[in-house]
Protein chains: 2
Amino acid sequence: MFDNQNDEEENSNFHLPKMKFSKDELKTIGSLFKKRFTTISKTVVTNRIWLKSAKSSSCHVLLTFPKNTSYDTIFTIMDRILKAGLIVNVKQHKTSSTVGFYITASYERLLQGAEDLEIKKIIKTNYGGGIKEFIFDEQEFYENIENEDLFLTTQERQSIIYDILYQIRCDNNDEQIIVNDKKVPNGRRLIFWCQKYKIISQILPIHDQDDLKELRKNWVFSLFSNQPLDKVCKYFGIKLTLYFAWLGFYTKSLLIPAFLGLAMWLSMGKDEKWDSIFFLVLCSFNLIWSICFNDLWNQRCAELSYKWGTLDMKENLLQDPRPMFKGEYKLNKVNNKLEPHYPEYKRALFRYLITFPTLLAVTGLTIAIMLKMFDLQEFFNHATTNKLLPELMGLTNFIPKMIYANIISFLNSVYKRMCTWLNDKENYREQTTHENHLIVKIVLFQFINSYLSLFYIAFYLQDVGLLKEQLFAIFITRQLTGNIKEAIFPYIFENLKQIKKIDRVAKDEKLDIKPDQELIDNVQRLQRYATKFLEQSSNLNTEKADNYQEEEIPSELSQPEVESLMPNYPDTFGDYLEMVMQYGLMVFFAPAFPLAALFTLFNNFIEIRTDAFKMCFLYQRPFGQIVSNIGRWQDVIETFSILGIIVNCGLLITFGVIQKLLPSVTFYESVAIVIVVEHVFLGFYKVLNYSLPKLPRWIIVAKSRLEYRRREALRTLEMNEMHNIKCSSNN
Amino acid sequence: MFDNQNDEEENSNFHLPKMKFSKDELKTIGSLFKKRFTTISKTVVTNRIWLKSAKSSSCHVLLTFPKNTSYDTIFTIMDRILKAGLIVNVKQHKTSSTVGFYITASYERLLQGAEDLEIKKIIKTNYGGGIKEFIFDEQEFYENIENEDLFLTTQERQSIIYDILYQIRCDNNDEQIIVNDKKVPNGRRLIFWCQKYKIISQILPIHDQDDLKELRKNWVFSLFSNQPLDKVCKYFGIKLTLYFAWLGFYTKSLLIPAFLGLAMWLSMGKDEKWDSIFFLVLCSFNLIWSICFNDLWNQRCAELSYKWGTLDMKENLLQDPRPMFKGEYKLNKVNNKLEPHYPEYKRALFRYLITFPTLLAVTGLTIAIMLKMFDLQEFFNHATTNKLLPELMGLTNFIPKMIYANIISFLNSVYKRMCTWLNDKENYREQTTHENHLIVKIVLFQFINSYLSLFYIAFYLQDVGLLKEQLFAIFITRQLTGNIKEAIFPYIFENLKQIKKIDRVAKDEKLDIKPDQELIDNVQRLQRYATKFLEQSSNLNTEKADNYQEEEIPSELSQPEVESLMPNYPDTFGDYLEMVMQYGLMVFFAPAFPLAALFTLFNNFIEIRTDAFKMCFLYQRPFGQIVSNIGRWQDVIETFSILGIIVNCGLLITFGVIQKLLPSVTFYESVAIVIVVEHVFLGFYKVLNYSLPKLPRWIIVAKSRLEYRRREALRTLEMNEMHNIKCSSNN
């Protein structure tokens, strides 16, 4: 629903926003480091700047324009926003010399929007209780409707405002908005079009300081307590919270394999036969654990989404299409709304004739290149150990690795771009379907990228020692540095960037360099228009509209302005990808490296808090998104569990487990035994997966009950209708 | 919903009713054969007897009692049936010297019952059209309601009457019904209890001669035209029709593999290399064909069940529990009906602690016995060829086969009894769930029974010649004789049985042996009571009640009486089992025997008509049952498709296909190649199965639309309710 990114910026969905510093900037950063050793204390200062910034309970969403946007364009957009019933405060942004719209809405307008978004709210107990979609005309029935602050959470308000903005459509009067000599097409979504052509640079929801403070205390820094998921959900929305819920559940589930793995590791190395038995035990345990983990998570997930009111998601065709969905405008036969239609066969043709072959070709190429690089590495290793090459301080060993890393990183970025482009071309109607298909495509490549070298070592070189070494390196080094790379470094860099910008403003003020007078004039003209518009349309809340007029304290930056300098949170995609790949690593190689689960547990224990840290310190607040489960990631995890069985059985051969246990068996017979074991395990997985319940009993009852009431309601309604027809035809 | 069988008679669900003739009977049959060479013409005569028999459009369901049931018991039951609003005619059955209730109901009572059964009917176009559950109070809105004969099909009438009978509950007044000194327990379903304790011997719906005639002509004997599925569905109900629809679809789908197989077979045997390539082609084709077949059938099945109004089945908890479901009576939280409850954990405990181990033990034992028998056979074969044993006219070779067949048949019957008992103990709530679990259990054994010897030959003996020989024998001999065994023989035997009984009646009449005078008196007393009851309760249709009083022509048997002599149709279970096992045979061994598909096609082409023949000539008419798909059979078929890949890959090794294609490859390497091929095929199956659409687009739209309207209806209704609460609290 919230396509923050437009299709030209697809990349930012998958990795951290790139921080490119110009040479001058790098110098500045360097000097900052040199001048002050107390960088950390400085970042805390920035943080304090933000906290001190002007409270803006009335600003929910900030909309910023890029530098040099023409006054007419800004005016037209503001006019349309005002006409949509929102309240706009215009403010000059000193750090970037642009204009920012501080958008909020009256309670009434928010409630109207809540109906459009079908936000579920509690019914007063004397009217029967329960949770129902909000209906504006029937507001009296809802709990807490009288209390403006209690009824809608800040996250809901922001979603409503975003939805109102998103609903604005271009019309013929928007002639002022011209980009590259192209006028806004009639009927298109104004905001979306403007974002696409970079007339609007950012739309971001603003943090609520009180709630954020609480989350920082009880979530980020409460290392040993349960995550306050309800509060997180209320503040960040369900999609993000389900990620953290999954991560927490995964981490807790790791306790048992971690303990078992540790016990095995401690008692290993004494007797080859026992080692082999441990290996077999770990393989079997792996299988049972992964089935239980997935089944229990499915149940937990259903419980959470039931609690948060999204389990009963509408069927795909009842959902609104995503903004990027293209097609001929036709009536949706289901709910009679006019919306784009795209024929299924075109999508299928594209998918099977273009996407499939392309991705297969690229992954095939990648595999080929990687295998060649491994060969090269082998060659160099061989040459080095036999002293056939001059030893340039170990460089000979390092060269192929460097080449390899660069090629992979290049292929990775090409592949990601390609996937996103192909997925956009496949043109899925719903946001979830779109994301699900993207997940599958990206995971395909990441799978090869992450595991091919390990598979190569395990099954081609069959080098047990090297495999263990590699696993040790991955589980310890990579995981621990990962958190630092992901959260601590960006935090420091981003703070440095902010410091720089704020410093510049301060310097400008010290030097008494006045900002662009034209800009100031424009801001005042726009603000005057907005105030007048509000006064004319109603007598409501005009004092709020003046909020920002009053507090013109030049040396203090507004909280929204500070937040607009922070990086945009690039969706849960990257976080899931990291965790899923780690899950794969564990189910594939745990028997070969019994400590895998323990290290993973330890890493995830920290990961939860660093990811929470990212949300509460590093990034802009994201818009809340509605989902009912973790989507295709669940399928990926389950597929990894199945592949885990196959890989584990492969390891049985590599490690010669069967032959150690049954020395009389030939190699060929041991392979036959492993193949039988594999098929039995796979069959067992199927059977267990099939016979375990997918939903907790009480949720099945609750769903059936709702279904029953819907059926009965339609029956009653239709009978009434027929009676009406009869009465009218009788009269 | 229609548990025709009670739990003591579980066997008859799975095979044809056993035809045990006493010695005297066998003599009679023998003499009949000897005396008249024109047996066939005689069976046609019986058939004519039936057609000539008194027309009974007013008798829908026949209920018969066993010999020697006391008058009081019969009277009590009749009284309860009359009080339930049904019309009963009592008639003496000459062939079995018992009493038969000829049950029908007034149109009004049928319509009331139609509401209880939630039968879907068409709404008049001027009231909006569409199909909706029938509601008695709103009958004016339904199409054809004025036309008694058009509105309800005979199948629907019979289902309604069965449902009314089934709803009758025992009360304290039923003191006359005593079995083994046990009184009818209060509150239990009378009819169900009586069937269980054999106080009622049969409840059967009666054929409609006109419709049956048409079906015989257009279905059974129209070998080359499409099956008239709509008419079959109208007459026999959806469950049975879906079986025939599936069988027809399967047969048509076989055309392509049959053609391909024939082409391969014709061009085989010239060059070993080409044979191996054909083998590979058949394996791959097998895979793709089975995926397409299953996917397309799923779509077709959805279309059919949409057309016949069952796609939109209620969730399990909204369905009525099956009659045999036991448990504590509690309120169903979903629809607030009082019904038995059985805790899930008890079922799970039973399943995992008792069912699973028991079945595994028995199947394990069976496998062990079968393998031992194969060994024994080997030993005898060896002994015979080496002339170590005296050759008793080839008997030495025959002995182990005979022992084997007897053991298997014994194990089979033990296993079936055990499965049914275990499944009953697991106590599933819904009829479909119950059947689905039974299917899985039975298939497990049948799988071993049907395929183990072939697997033994293919993978243990690795005897390609013997395998081909066996497949040839199975596909040609067994399949063709199967149809004769299944339909033609039983038809002749059943007709002989009928002839015998009818002959005896005729003889008695000739000899002027009057039937039991007490019985005649009882029948008259009962009939008088029934007539009086009807006259008292209403002035409706009394002439109908007298129908059978009038036509007391002794030498002519009533149609219902003739039908009561026919065997009971033992559900679709056996038919599906046969076809599914045949499907497995084909997907497992088609590459080894390219003509498999052709012979299967030919067999099924006949099978459709012999099965139809069974329904229209051999068996009693069954009650219609409502399902939305072929249930767990679909899963069994899909599992067989997956197993097919594994078996096919195994055959690649047995037949040495890889080594023939790549002579430089060692045996070990060829095994490795096959394993890789297998995994690629399995992965490919998964991917294709995952990405193919499960339902046709238009059905998704229709389902979503219904869902949307239900949601909207509940919303409207709830808002109205809240307004009502508000109004009443204001006043």
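B:Tyr576 is buried, at a relative accessible area of 3%; here buried means under 20% relative accessible area, exposed means over 50%, and partly exposed is what falls in between (1.4 Å probe, protein chains only). B:Trp633 is buried too, with a relative accessible area of 3%. The model is a predicted one, in which local features need pLDDT of at least 70 and side-chain atom pairs count only at pLDDT 80 or more, while totals for chains, interfaces and linings use all residues. As for bookkeeping, residues are numbered from 1 along each chain as its sequence is written, chains are lettered from A and ligands numbered from 1 in the order in which they are written, and side-chain values rest on heavy atoms, with hydrogens and water left out.

Now for the rings. Over all chains, the structure holds 110 aromatic pairs. Rings of Phe, Tyr and Trp (its six-membered ring) pair if their centres lie within 6.5 Å; planes under 30 degrees apart count as stacked, over 60 as edge-to-face and the rest as tilted. One such pair is A:Phe588 with A:Phe589: the ring centres are 6.3 Å apart and the planes stand at 85 degrees, so this pair is edge-to-face. A:Phe588 and A:Phe589 are both buried. B:Tyr576 and B:Trp633, by contrast, are stacked, with 5.5 Å from centre to centre and 20 degrees between the planes. Because B:Tyr576 sits in helix α21 (residues 573-589) of chain B and B:Trp633 in helix α23 (residues 632-654) of chain B, the pair ties together parts 57 residues apart in sequence. Helices (H or I, at least four residues) and strands (E, at least two) are DSSP runs, numbered from the N terminus.

A charge can also sit over a ring, which here requires NZ of Lys or CZ of Arg within 6 Å of the ring centre and within 35 degrees of the ring normal. A:Lys121 lies over the face of A:Phe151, 5.3 Å from the ring centre. In chain B, the charged end of B:Lys121 is found over the ring of B:Phe151, at 5.3 Å from its centre.

How do the two chains relate? Chain B can be laid on chain A with an RMSD of 0.1 Å, using a turn of 180 degrees and a shift of 0.0 Å along the axis; copies are superposed by least squares on the C-alpha atoms of residues with pLDDT of at least 70 in both. The two copies are thus related as by a two-fold rotation axis. They meet through the same surface, because 100% of the interface residues of chain B are also interface residues in chain A.

Chain A has 26 helices and 10 strands, and 53% of its 731 residues are buried. An unreviewed UniProt entry annotates several stretches of chain A as "transmembrane region", among them residues 240-265 and 277-297; such annotations, given in the numbering used here with shortened feature names, may be inferred rather than shown by experiment. Residues 240-265 of chain A are 96% helix and 0% strand, with end C-alpha atoms 36 Å apart. For residues 277-297 of chain A, the figures are 100% helix, 0% strand and 30 Å.

A:Lys614, in helix α22 (residues 596-618) of chain A, is buried, with a relative accessible area of 3%. Beyond its neighbours within four places in sequence, A:Lys614 is in contact (heavy atoms within 4.5 Å) with A:Glu486, A:Ala487, A:Asp575 and A:Tyr619. A:Phe459, in helix α15 (residues 431-461) of chain A, is partly exposed at 31% relative accessibility.
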